[in-house]
Amino acid sequence: MTDFLPLAYPWVKALHVMAVISWMAGLFYLPRLFVYHAERGHTGQEPVQSFQIMEDKLLRMIMNPAMIVTWIAGLALVLTPGIVDWTMIWPWTKAAGVLGMTWFHMWLAGQRKALLRGQALSGRRYRMMNELPTLFMVVIVLSVIVKF
């Protein structure tokens, strides 16, 4: 297996980047849907079922698979000999950022269920939470590119 990983490295890295882009798109968009759902869904301005369908499909069909592929490809990259120097700080800060993004993903999944039960947070709160993926992205990108 370890002989295969260096040969597959550029392909795995490309797959990882594509999966991260898809995952991040969902992490940015789903809280925005929650804002609209929380602010307009109960007033009848927009059909609640439309929000529920969009939220469900985004999470199940795009975000979940993208997160899984991100993790699998990322772990394959970590296992590739010579790629990660664990004596440096950057792999640990990147790992913390990825764990933060994963926590946020799970929080969003929980919020979708809360919305289904009619227990939405305020639109303002969802807007504030929408900034978290940006913070995690900054930590991850700086970690990988600058390698401090």
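**Basis.** Residues are numbered from 1 along each chain as its sequence is written, and side-chain values use heavy atoms, with hydrogens and water left out. Because the model is predicted, local features need pLDDT of at least 70 and side-chain atom pairs count only at pLDDT 80 or more, while totals for chains, interfaces and linings use all residues.

**Helix α1.** Helices here are DSSP runs (H or I, at least four residues), numbered from the N terminus. Helix α1 spans residues 4-40 and has 37 residues. From first C-alpha to last, α1 reaches 52 Å, close to the 54 Å expected at 1.5 Å a residue. That expected span is 1.5 Å times one less than the number of residues. Helix α1 also has a kink of about 50°, centred on proline 10. The bend at a residue is the angle between axes fitted to the seven residues ending there and the seven starting there.

**The annotated pair.** An unreviewed UniProt entry carries the annotation "binding site" for His16 and Lys94. Such annotations may be inferred rather than shown by experiment. The two are spread over 79 residues of sequence, yet they cluster in space, with a largest C-alpha distance of 14.0 Å. Both His16 and Lys94 belong to the lining of the largest pocket. A pocket is an open set of points on a 1 Å grid over the protein atoms alone, where a 1.4 Å probe fits, with protein on both sides within 12 Å along at least five of seven lines; lining residues have an atom within 4 Å of a point.

Histidine 16 sits in α1, and lysine 94 in α3. The two are in contact (heavy atoms within 4.5 Å). Beyond four places in sequence, histidine 16 also touches Thr70, Ala73, Gly74 and Leu77.

**Burial.** Buried means under 20% relative accessible area, exposed over 50%, and partly exposed in between (1.4 Å probe, protein chains only).

| Residue | Relative accessibility | Class |
|---|---|---|
| Methionine 101 | 3% | buried |
| Histidine 16 | 11% | buried |
| Leucine 116 | 45% | partly exposed |

**Along α3.** Methionine 101 lies in helix α3, residues 90-116. Leaving out residues up to four places away, methionine 101 touches Trp23, Met24, Leu27, Phe136 and Ile140. Leucine 116 and lysine 13 are 103 residues apart in sequence and 37 Å apart, C-alpha to C-alpha.

Conventions. Helices (H or I, at least four residues) and strands (E, at least two) are DSSP runs, numbered from the N terminus.
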